[in-house]
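Please keep the structure in view while reading.

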Amino acid sequence: MTYAMPAPPHPLVGRFLPELPAGPAARARPVLLSPEQGVRVRHGRVEVVPADGPEAVLVRPDGYVAWAGTPDESLERALATWFAESLEAV
């Protein structure tokens, strides 16, 4: 029997990001910093903010990184894990 090891988390996960955009940080909302134009998440609690960088970063309201990488199904899992299932359709 073989076991697949889970991929190690992104190096940013668990780190504090002190420099968040003023609007979302002031409102204590989760933020998805995304370098891609038009990235949408099906989650009403998360604010998508354009950002420079090669990858997207999901930041919890307390400023810590919950997820980082290329938006795919792992982003949806992270959103559900950290912020519960969304009831809002985008």
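This is a predicted model: local features need pLDDT of at least 70, side-chain atom pairs count only at pLDDT 80 or more; totals for chains, interfaces and linings use all residues.

**A walk through the fold**

Pro35 has a relative accessible area of 28% and is therefore partly exposed, since that class lies between the limit for buried residues, under 20%, and the limit for exposed ones, over 50%. Pro35 is placed in the loop between E1 and E2. In space, the C-alpha atoms of Pro35 and Pro54 are 6.5 Å apart, although 19 residues separate the two in sequence. Once neighbours within four places in sequence are left aside, Pro35 has contacts with Ala51, Gly53, Pro54, Glu55 and Ala56.

Read from the N terminus, the elements follow the sequence α-β-β-β-β-α. The chain has 90 residues, of which 30% count as buried. It exposes about 6,100 Å², and 56% of this area comes from carbon and sulfur atoms. Contacts across the sequence can also be described for the chain: among those between residues at least 6 apart, 51% join residues at least 24 apart.

How are the strands arranged in the sheet? They form an open sheet of 4 strands in the order E2-E1-E3-E4, and the pairing is mixed. Strand E2 (47-50) and strand E4 (65-69) each have a single partner strand and stand at the edges, so one side of each has no neighbour in the sheet. From one strand to the next, the twist averages 15°. One of the pairings joins strand E1 (residues 31-34) to E2, in the parallel sense and over 4 bridges. Within it, Val31 has Glu47 in E2 as its bridge partner.

The next topic is the aromatic rings. A pair of aromatic rings is described by the distance of the centres and the angle of the planes. The count in this model comes to 1 aromatic pair. It consists of Phe16 and Tyr64, whose ring centres are 5.1 Å apart and whose planes stand at 55°, so the pair is tilted. Phe16 lies in the segment before helix H1 (22-26), while Tyr64 lies in the loop between strand E3 (56-59) and E4; the pair therefore ties together parts that are 48 residues apart in sequence. Phe16 counts as partly exposed because its relative accessibility is 44%. Tyr64 is likewise partly exposed, at 34% relative accessibility.

The last topic is the interior. In soluble globular proteins, nonpolar side chains tend to be buried together. In this model the largest nonpolar core has 12 residues, namely Leu32, Val39, Val41, Val46, Ala56, Leu58, Ala66, Trp67, Leu75, Ala78, Leu79 and Phe83. E3, E4 and helix H2 (73-83) are the elements that give two or more residues to this core. H2 gives the most, with 4 residues. Leu79, one of the core residues, is in contact with Val41, His43, Val46, Leu58 and Ala84 when neighbours within four places in sequence are left aside.

Key
Residues are numbered from 1 along each chain as its sequence is written. Side-chain values use heavy atoms; hydrogens and water are left out. Buried means under 20% relative accessible area, exposed over 50%, partly exposed in between (1.4 Å probe, protein chains only). Contact means heavy atoms within 4.5 Å. Accessible areas come from the Shrake-Rupley method with a 1.4 Å probe; for residues, only the protein chains shown count as cover. Two strands pair if DSSP finds at least two bridges between them. Axes are lines fitted to C-alpha atoms, for helices over the stretch in contact, and angles run from 0 to 180 degrees between N-to-C directions. Rings of Phe, Tyr and Trp (its six-membered ring) pair if their centres lie within 6.5 Å; planes under 30 degrees apart count as stacked, over 60 as edge-to-face and the rest as tilted. A nonpolar core is a set of buried Ala, Val, Leu, Ile, Met, Phe, Trp, Tyr and Cys residues joined through side-chain atoms within 4.5 Å.
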